[in-house]
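Let's take a walk through this model together, from its aromatic rings to one of its helices. Keep the viewer open as you read.

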Amino acid sequence: MHGEYKVPGGKLVVVDLDVEGGALRNVRVAGDFFLEPDEAILAIDSALEGAPANTDTAGLAARIDAALPASTVMLGLTSEGVAVAVRRALAHATEWSDYDWQLVHEAPQSPALHMALDEVITAEVAAGRRPPTLRVWEWASPAVIIGSFQSLRNEVDPQGAERHGVTVVRRVSGGGAMFVEPGNTITYSLSVPEALVSGLSFADSYAYLDDWVLGALADMGIRAWYQPLNDIATEAGKIAGAAQKRVVGGEGAVLHHVTMSYDIDADKMLEVLRIGKEKLSDKGTASAKKRVDPLRRQTGLAREAVIERMIDSFRTRHGLTRGKVTDEEMARAEELVRTKFGTEEWTARVP
């Protein structure tokens, strides 16, 4: 069995192993990490040898920590990272390179249609009728997108939304509200087979699926990191928020979508969103205006240039061919707008 895992912000860990009699055997750990002293790698292999195959990530990491020499120094490597690679080997997880990735980047569409397209495309990936897809959104109008479990009245000021022509929609994933304007927001979705994140915890899958965008930001001179559970942050502040939804059926799939702030009208946002004091204090800030630091200021690039650089970065790392939403997918999405995402019943399902 073979498993790979790139430690967030670190290096690639590769594990090869067998399972005999319910235990790990012939364990060999490798990768492009840095590790001192040399014999520490043998200690890691020995710690995993004979471990029950059903040992969870925390248990495997604990075995490694207990076996490492006191002088061990790890760079680009963690005991948890090795444990995750083991769990991915045992789960027969796939890798990015196992797939032919498709890019969908089309004309601006309504907020409700974007919600529907996420559901349809991810269901198609789960059914095996569509390859894993990176979809970059273009917005036809300003919107507030609330999380699946958020209270509509607690999150949105209806008078402010009406005054600024903001459409309110509810997505299928959890998480918090997002305020978007067409020229100020960069949004993308990854619809991926569940096998790509096999062996990862729900929390770890967030960082794993956005490691590529951290690299893209680094190429633009921005040092960014994942701030658990679902933020992408820099020293200047938060620049993006992510959310996920697991889709059952077929082989299963994961929808992972991210909204990034290219620019922001903070005054308008505060007139549309009701942002509580608890949320602000949780982020360690005194003002909602300071919570988000837009990409425009940090990169000095046009929005379109940022998007193109992100796409090029994904293509360089994983390969990417241009595709489109099929007529059948669009028809299903439009029906979902009519019956679900465009209805008051869905939007106000948590009043």
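**Rings, a helix and a glutamate**

Ring pairs join Tyr 5, Trp 96, Tyr 99, Trp 101, Tyr 188, Tyr 208, Trp 212 and Phe 314 into a cluster. Here rings of Phe, Tyr and Trp (its six-membered ring) pair if their centres lie within 6.5 Å; planes under 30 degrees apart count as stacked, over 60 as edge-to-face and the rest as tilted. This is a predicted model, where local features need pLDDT of at least 70 and side-chain atom pairs count only at pLDDT 80 or more, while totals for chains, interfaces and linings use all residues. Residues are numbered from 1 along each chain as its sequence is written, and side-chain values use heavy atoms, with hydrogens and water left out.

Searching the whole structure gives eleven aromatic pairs. One of them is Trp 96 with Phe 314, an edge-to-face pair at 6.0 Å centre to centre and 75 degrees between the planes. This pair links distant parts of the chain, 218 residues apart: Trp 96 is in the loop between helix 3 and strand 6 (102-105), and Phe 314 is in helix 12 (residues 303-318). Helices (H or I, at least four residues) and strands (E, at least two) are DSSP runs, numbered from the N terminus. Trp 96 and Phe 314 are both buried, where buried means under 20% relative accessible area, exposed over 50% and partly exposed in between (1.4 Å probe, protein chains only).

What about Trp 137 and Trp 139: at what angle are their planes? The planes are at 50 degrees and the ring centres 5.2 Å apart, so this pair is tilted. Trp 137 counts as buried at 3% relative accessibility, and Trp 139 is buried with a relative accessible area of 3%.

Now turn to helix 2 (residues 57-67), where Leu 60, Ala 61 and Ile 64 are buried. Seen down the helix axis, the buried residues fall within an arc of 100 degrees, so they line one face of helix 2; the arc is that of the directions from the helix axis to the C-beta atoms. On the other side of helix 2, Ala 58 and Ala 66 are exposed.  The cover over the buried residues of helix 2 includes strand 3 (23-31), helix 1 (40-48) and helix 3 (79-90).

Finally, find Glu 329 in helix 13 (residues 327-341). Glu 329 counts as buried, at 4% relative accessibility. Leaving aside residues up to four places away in sequence, Glu 329 touches Val 120, Glu 124, Arg 130 and Lys 324, a contact being heavy atoms within 4.5 Å.
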